[in-house]
Every structure is written in structure tokens, then in C-alpha cells.
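Here are some notes to read alongside the model. Please keep the sequence and the 3D view open as you go through the points.

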Amino acid sequence: MARTKSSTPSDASPVASPVYAAVVTRRSHSKVTNRAPDTGELESLVAAAGRVADHASLHPWRLIALRGDARSRLGAALAKAAKLKGSDAASLAAKPLRAPLLVAVVFRPEKSQKVADWEQEAVASGVAHMLSLLLHDAGWGVIWRTGPYTRAKKVAKMHGLQKGEKLLGWLYVGGIPARSGSSHAKTVRADKYLSTLD
């Protein structure tokens, strides 16, 4: 009896995959419009992002959506953490207003004898990257921002972080402008970063 040929990694073209297309077209958008995904859409994307590889299914992460005045409170916390005043403080405080939606990425390590904290933090980072890709694929502009005051106590307090939790940064999310500047528009040279261990 003849066997039906099945699609395997060796005979399937990755270029035809919608996942591949989403990955190679992903780019960071430093400027976005005032449009943003609503709570329902964001929850759907977060649910999908949560399927990232997670040893022992510890879910060592959580996300916080910042909209409206919450962004201003974050800006004030950043300025206080930097101990700035006047125009310098105002400039730093205005940065969270660059996007209508910020998604704070929080690493919350779980007690585990077999999964080290560094591995759990990698999971939290993976969720952020996965969500960034899903938002991009849904038509939203995204950039992951951090900075020297990401781990400042005043910033942690503003987010209501619990003991042991650490902030990994924020996804700035909004609509994509008609003329959009972006970074990382080209794929890397694989032979420069991939080697084979003989």
C-alpha cells in the first residue's frame, strides 16, 4: 500500500508559513498613533502568548496594562527615580505618553527545585517577545522599552509590584502611522550567528 507523502521540516518551505512571514516582517515602531487594542483583543493575544515554552508550567510572569492617567503616573515615578527637576523631569515624565497603551512585563519567580530563576526569567522574556510578535501580526505598532530606572523602587511601587517581582520593561503599543520609521527591518546573516558543534 502506497504511503501518502506528509509535510515534514525537510520538504516544507518556511517562506510559505504565516508564522515565518510574521517573524521576518516584525519591526520595532518607535512612533505610533493614538489607536490601541481594547481589553478584549489584548486578553486574547496574552492568552496566546502564554503558550510560550515554560518548564514545569510555573507561569513566572504577569503583565500590567497602562492606559490614560496611569502612563502619567509612571512618568512621574520615572522622574522621581531619576531625581530630576524642571524641564529635564518633564521630558522624562512625558516618555510614557508616547503610546496609548503600555504593557509592563513583570518577572515573578516561583519557588522551584528544578527550574532556576534565570530560566524562569527567560520564560517571562519569551512571553514579552511572543506578545510583541502577536501584536505586530494583528496590525499594531510595538516597541519594547526599558531604561536605567526600570528597576527603581519608586517605579516598582507605582506598578504595585510584590516582593521578589522585577520589571523587565514595557511594550509601547499603538497604531502604525502611514509613514512609519522602524528598526531591525532586515534579517540577520544566519551564518554569522549559527555554528555547528562537531
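1. Which residue stands opposite Y172 in β5? I143 does. Strands here are DSSP runs of E with at least two residues, helices are runs of H or I with at least four residues, and both are numbered from the N terminus. Two strands are said to pair if DSSP finds at least two bridges between them.

2. Before going further, a word on what you are looking at. This is a predicted model, where local features need pLDDT of at least 70 and side-chain atom pairs count only at pLDDT 80 or more, while totals for chains, interfaces and linings use all residues. Residues are numbered from 1 along each chain as its sequence is written, and side-chain values use heavy atoms, leaving out hydrogens and water.

3. Now the overall picture. The chain has 7 helices and 6 strands, and from the N terminus on the elements run α-β-α-β-α-α-β-α-β-α-β-β-α. Its C-alpha atoms fill a box of roughly 80 × 50 × 40 Å, taken along the principal axes. Of the 198 residues, 35% are buried; buried means under 20% relative accessible area, exposed means over 50%, and partly exposed lies in between (1.4 Å probe, protein chains only).

4. A contact means heavy atoms within 4.5 Å.

5. Strand β3 (residues 101–107) deserves a careful look. In β3, 7 of its 7 residues are buried. L101, V103, V105 and F107 point one way, and L102, A104 and V106 point the other way.

6. Strand β2 (residues 61–67) pairs with β3 in the antiparallel sense over 7 bridges, and here W61 stands opposite F107. Strand β5 (residues 166–174) also pairs with β3 in the antiparallel sense over 7 bridges. Along that pairing V103 stands opposite L171, and the bridge partner of L102 is Y172. β5 is mostly covered as well, with 8 of its 9 residues buried.

7. Stay with Y172 for a moment. R145 lies over the face of Y172, at 5.1 Å from the ring centre. A charge counts as sitting over a ring if NZ of Lys or CZ of Arg is within 6 Å of the ring centre and within 35 degrees of the ring normal.

8. Next, the nonpolar cores, each a set of buried Ala, Val, Leu, Ile, Met, Phe, Trp, Tyr and Cys residues joined through side-chain atoms within 4.5 Å. The largest has 21 residues, and L66, L74, L102, V155, L167 and W170 have the most contacts inside it. β2, α3 (69–82), β3 and β5 each supply at least two residues of this core, with α3 giving the most, 6 residues. Apart from this core lies another, of 20 residues, among them V127, A128, L135 and L171.

9. Not counting residues up to four places away in sequence, L167 touches A104, V105, V106, T150, R151, V155, H159 and L161.

10. P37 lies in the loop between β1 (28–29) and α2 (39–49), and P37 is buried, with a relative accessible area of 0%. Leaving aside neighbours within four places in sequence, P37 is in contact with R67, L101, L135, W140 and V173. The C-alpha atoms of P37 and G175 are separated by 8.7 Å, although these residues are 138 apart along the chain.

11. E110 is found in the loop between β3 and α5 (117–137). Is E110 buried or partly exposed? E110 is partly exposed, with a relative accessible area of 31%. Beyond neighbours within four places in sequence, E110 is in contact with L58, P60 and Q120. The C-alpha atoms of E110 and W61, 49 residues apart along the chain, are separated by 9.2 Å.
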